[in-house]
Each structure stands twice: as C-alpha cells, then as structure tokens.
2 protein chains.
Amino acid sequence: MTQKTSNATLLHVARAADVSRSTVSNVFSHPSRVRAEVIEKVRAVASSLGYSGPDPRGRLLRAGKVHAVGIIPPGTWGIADSLKNPVFFQQLLGISEVCDEVGASVLIIPDKKGSGGVQSALVDSFIFSRFDQLAEIESARLRRLPYVVLDADPGPDVNSVRVNARAGCHAAVRHLLDLGHRRFGIVSFLREFGPPHFHPPGRPRRPEDVGMEIDQEKLRGYGDALAEEGISIDDVPMVQAHPWERDAARMILDHAPGATAILSMSAMQGIRVIEEAWLRGLVVPRDLSVVGYNDIPEAALCNPPLTTIDSMGTEKGRMAARIVLEPGAIQKKVIETRLVMRASTARVPS
Amino acid sequence: MTQKTSNATLLHVARAADVSRSTVSNVFSHPSRVRAEVIEKVRAVASSLGYSGPDPRGRLLRAGKVHAVGIIPPGTWGIADSLKNPVFFQQLLGISEVCDEVGASVLIIPDKKGSGGVQSALVDSFIFSRFDQLAEIESARLRRLPYVVLDADPGPDVNSVRVNARAGCHAAVRHLLDLGHRRFGIVSFLREFGPPHFHPPGRPRRPEDVGMEIDQEKLRGYGDALAEEGISIDDVPMVQAHPWERDAARMILDHAPGATAILSMSAMQGIRVIEEAWLRGLVVPRDLSVVGYNDIPEAALCNPPLTTIDSMGTEKGRMAARIVLEPGAIQKKVIETRLVMRASTARVPS
DNA sequence: GAAAAAACTTGGATCGATCCAAAAAATGCG
DNA sequence: CGCATTTTTTGGATCGATCCAAGTTTTTTC
C-alpha cells in the first residue's frame, strides 16, 4: 500500500508506462485499438498506481452526457417530503421504470427556493413534477436541456404531460348525478399556506379560489357536469384547505348540511370526510357519498374504500421520461383519467 | 429569437462583451470582484447571447464536488423495483432527510450486473443499500469516494451501518418463549433465485442455508434464544424461500405441523403465514403465533396485525448519509432493533 | 526486398470553466 | 502632481479526459 497514490490520472499512468496519454485512454475506452501486450502493460501500471479507469468528470466534459434524468419535486418540498407524497411517488415510479429500460439514473433535485439546483445539476434532462414557479423552468430552458412539465402547460415550446382532470371530474360528478345526487359540497385546495377557508354558495368561483392550474381544471369538470342538470357550481358550498388539514372535513359538513355528496379534490380530504361523517353518525355511503381525486394506496384501505379518480400518475411519469429520453419535437400529451369505483358512493337516500 | 445561439460559452460572452474570460467567470461566480458597470454590461451581453451562467460540466472539472449522494440498490434491482420495496424505501427516506438538511441531491444508480454505474456516476459519495457483490464496492473504493455499506461489513476499512439483527431476533424469540412457546418453524431467505426449499430438523444449519449475511445473523439470534431453553436451532424445521413466494407458508405449515409459533425472516412471509393459517382454519394468534422481520406498512394493516422486528430502516439511512456527508475516520455503526408488538403473538394454547 | 496496406501510436487541440500571479487602472494622500 | 495603495482586470496554466489527423511500425503482397 503506497501512501501517495492519492490521485493518479491518465497522465501519470502514461508517464509510468512510457506511452502517450492517448494510448492509456484507448486502453480503457477503445481497447481494440491497442496492441494486446500494451494493454497488459498499461493495465498493470495503472493498477499499481491505483488508477481504476477514466474519471467521469473529465470524461463528461467531452462527452456531455451524464445518463441521468433530473426530477424536481413540486414547490419547495424536500426530497423526503416528496417521496412520502403518494402522488409524487407514483410519478417517480413511472419515470424510474422507463429509466430502468435504458439504464439511466434518476436524480432527485431539491430546488429549495431557487438554490440553483436546476442550474448546476449534472443531468441530461429535467422533469418538473407539478409546476409551481417559473424560475426553475426558465433555468432549464436556459441550459438548453430537454425538459418536461407535469400537470401544467407553461408555454407553447414546452413539453408537457397533463391529465385530463376536467373530463375525469366530469365523469365523477356524472356518476353521482346518475345516482340521484343533487346537493353537493366541494373540498378544494389552498394556493398558499393557510387555514381552511369557506366559500358560501352564490358567489362566482374565481380560479384563485381553488388552487393550482390543475385544480381549476377539476372545478371546471365539476361545473360542466353540474351544468348538465342545471346546477351552477357557484351555488355549491366549497371549502378551500390543505389536504392534511383536519378541520376542512368538519367545515364542509357544517356548512353544507344538506349535501348528499362531497367532491374532494384530494384523496386525503375524501378520507377525512368519511372519518368525520362517521364521527357524526353518518354512514358512508348510505347517508353521504364521497368522491376523491388521485388513487393513493390509502384510498383502497380506508373504510369504506374511497371512490376516486385515478390520475394515472405512473403512466404520467412514464410518458414524461420517454419524452425527455428521446427528445424531438415539442410534445403535449394528455392522459385520460379512470374513475375507480369503490364503496364510498351510492344512490342518494330516498 | 436568434437561431445560432445554440451553445454560448464563457468565451463567447467574453469576446462579445470585450472583456476576458476571467472577468465573465467572476461576474457569475465572484461578483464582488468586478466593477458594477462591468457586471451589468457582461450580464446584458450574456443574456443577449442566451448564456445563463457557468455550465456545471466545466465547473465540476475544477471544483470536484457535485453535491449529490449516489445510492446503489441491492443486487440487480432496477430503480422502480427498489422504490417499491419497503425496506429500501425506508432507507431512502432516511438518506433523503439528511440530504435535505444540507441541500444535496440524491442519485439512484441502477448497477445492473456491472454496467459500471458506480464507475461513472457523478456523485460525491456512495451508499450501498445492502451488500451483494464485491465488484461495485471495489469500484467505489477505486474512485476514492467516501462510501458506506448497509447491513454488511465487507472489511476493516469500509464504513458500515448495520442493524443488530441478532439481538432483535433474540428478543423476538425470547418474547415467544416467555409466552410458553417451545415448538417453532422458521421461514428464511434464499440466497439465489429458486423455488422454496425445506430443511428438515436434525441437520446442522449452515450459513448458506439462510441467505445473506444479515439473514445469518437473524438465525443466530433465533438460536441464541432457543439455546437458553435448551432447544437446538438445528432441530427447528425451516423453509428457505423468497419473500414473495406464495408456497413457502404452505410448506412450513405442512412440514412443521406441531409448531405453535412461526419465525419469519421477512414481514411478507409472516403475512403469508397468517393468511395460510387462516385458510387452514387456524386462528392467529390463538392457535399459532407469528413474528416477522422489518416493520413494513403492510405489517400494521394485515389481520391480525403482525408482531415484527423493526429494523429501523429510516434511522439506518440517516446514519449512512451522515457518514458519507461528513467523511472522517472509518465508522462502523450498529443500530438496535425494536420489537413491535402487535396482535399476531399470544400465549401458547394450553 | 521494396512498395503498399494495415495496424498501432502519438501530440496537439478541445470540452467549459476556475485559479492565480501579475499587469493595469483607479483611488488616496501629502 | 507623483508615489503608494487598493481595486479591477487579464492571460496563462490547469482540472482529466477524448478526438483526430498525422506519424510510426508492422504486416502483407508481388
């Protein structure tokens, strides 16, 4: 064990083996170009110097490719937060599947409030999981790397994969209407941090009352279906809250006492509503129907299992990965949702 | 929109702004060294050329640091497989938490049968999630990057974080012995792919009958506790199988008909045993007690919930990440397990 | 055995940036 | 204003490898 072998480079090996750098490089990267005995000699010298092959850093500079896809979690989430979020996780799973096919690595990049993760990440492409602020996307554009945005469409020359949330929500409400429901309550999202907020019926719903772009689509979907039965979305009581906010379920049941069905823009809030209903002696689905959004594992395990709209996160991830791995013309994909019927919806009590 | 701005570099900006490369570099990396008006001019020229700041590739070559931790999943698993595995996932969660603290990215590197992922990954350090073959670890050593191995200890100069599986399994069996159990069955792991294999009582258990290094530890733990009551581990019927192998539960119940408690080296097989027992009209824990290993979410949700040994995956991940993020002297950490008492164990039927 | 063809090596340029010592410009001070 | 400081700017060297055209050696062929 020699002590000074700390940093052998191509050059050191070349000198020690008395050949040129190019030859050493060829030994490791294009062995067919080099005579067998030279290969052997160089290899021997290399290993005696503790040199184990080209340093990826130097190689990268020429080759340009990293064989890694960068994923930017939503907003200012850390990596751990993101992994714990089932919606993000499903997308990640889809991305990983495609990366596995081509042997690419997956880099999860926490871009905490413009820490410049996107600017300096060593990846070949980016996938923005849910679109929050333009800054990071702009960084990606400037780096001239292929990128794709999930669940939003920030501009004409940007790849995007979205889910047809509007049609999905339309189908879900149609399902409830067909079961006879006419009185609803909505649990939507908050755009920023904050306590739950109630929107009484009779006032026009503005986009910013709902959350992100995708959540606005959901509201439109609800509205489309309700309109078919002559119900105005503006007359449906609505609570705006974070998915993990425990008070939201209580608030919607308090403020929409006549509702026979609750439309939740998240699966978690759907589950919360079921729980809260139970506490009040309401039996789901006998007394109250509930529909969620996103098919997270918890939705199948709660009691009763939640009817929800599967937003096809895994498929979304797969498509996104394919787009950036084989970049070509700008693509804008739209995925259709599936309504997963479980036991939280039933015919309206007569 | 100019067409030819495809690849502006520092040099192009320098020429266009009529300053030196160094100045441009300083504008972006050490603005305090540059006069305000020059900064402005350079920035203007840069953005007109579509140059958005130093390319990470070039920067990396000098700086050396990538701010990313590389994680190598066990064996030849793909990334998606790994993410779906709860044990791996928990470790990843712990690693991510620590990376979030320091703002590092996480790179999941699929090293499919020596594809050289480790050799060429652009990371500052490696975490080997469970140790399978020496080749990748050797690659990491040769690259002179800090690395840590989970659940194994391949040598004296290697960082490792292990779990005291032996003590954990000892405690689990002790728990069963205290409940009066004396007749056991074991479900262990297969070392390679293959069908389940039954080991009749009365033959010495060899390490390779059990699985990986960590699984051998589990067996020793079982044996330690059993010996305290004068029972030889060699007399306990054992089935070797993959965690997802459905036949293993049937096999152990067939071949250890007198057993009042089943020790499973995985949580999945523990759950399978509960299911299989149910099918045979045995009520767990009244007629049969079952103990698993690893506290995966399914363990809490099955019926009855599985008593199992929590191998502290998240904590393991945290420790591993801290070791490689602040490299110093070689560290060998050992984490103690916790026995999670649920409803799958009870006093032996009298 | 000489010319032609093939096989193997080599040095210089390059990838895109940063570091550093020295030069140039700006500022301070008597 | 002239000299000493301080602040800015600069070019050359460097990080670690790869590419490529040109040079050298070996083998083939007649």
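Visitor: What should I know about the model and its numbering?
Guide: This is a predicted model, where local features need pLDDT of at least 70 and side-chain atom pairs count only at pLDDT 80 or more, while totals for chains, interfaces and linings use all residues. Residues are numbered from 1 along each chain as its sequence is written, and chains are lettered from A and ligands numbered from 1 in the order in which they are written.

Visitor: Which strands pair with β5(B), and in what sense?
Guide: Strands are DSSP runs (E, at least two residues), numbered from the N terminus, and two of them pair if DSSP finds at least two bridges between them. β4(B) is joined to β5(B) by three bridges and the two run parallel; B:Leu150 stands opposite B:Val161 there. β12(B) also pairs with β5(B) in the parallel sense, over four bridges, with B:Val334 as the bridge partner of B:Arg162.

Visitor: What is the strand order of the whole sheet?
Guide: The open sheet has twelve strands with mixed pairing, in the order β12(A)-β5(A)-β4(A)-β3(A)-β1(A)-β2(A)-β2(B)-β1(B)-β3(B)-β4(B)-β5(B)-β12(B). β12 (332-335) of chain A and β12 (332-335) of chain B stand at the edges, each with a single partner strand, so one side of each has no neighbour in the sheet.

Visitor: Where do the two chains join?
Guide: Strand β2 (residues 105-108) of chain A and strand β2 (residues 105-108) of chain B run antiparallel and share three bridges. A:Val106 stands opposite B:Ile108.

Visitor: How are the two copies related?
Guide: Two copies of a chain are related by a rotation about an axis and a shift along it. Chain A superposes on chain B by a rotation of 180° with 0.0 Å of shift along the axis (RMSD 0.1 Å), using least squares on the C-alpha atoms of residues with pLDDT of at least 70 in both. That is the relation of a two-fold axis. Of the residues of chain A, A:Leu107 comes closest to the rotation axis, at 2.1 Å (C-alpha).
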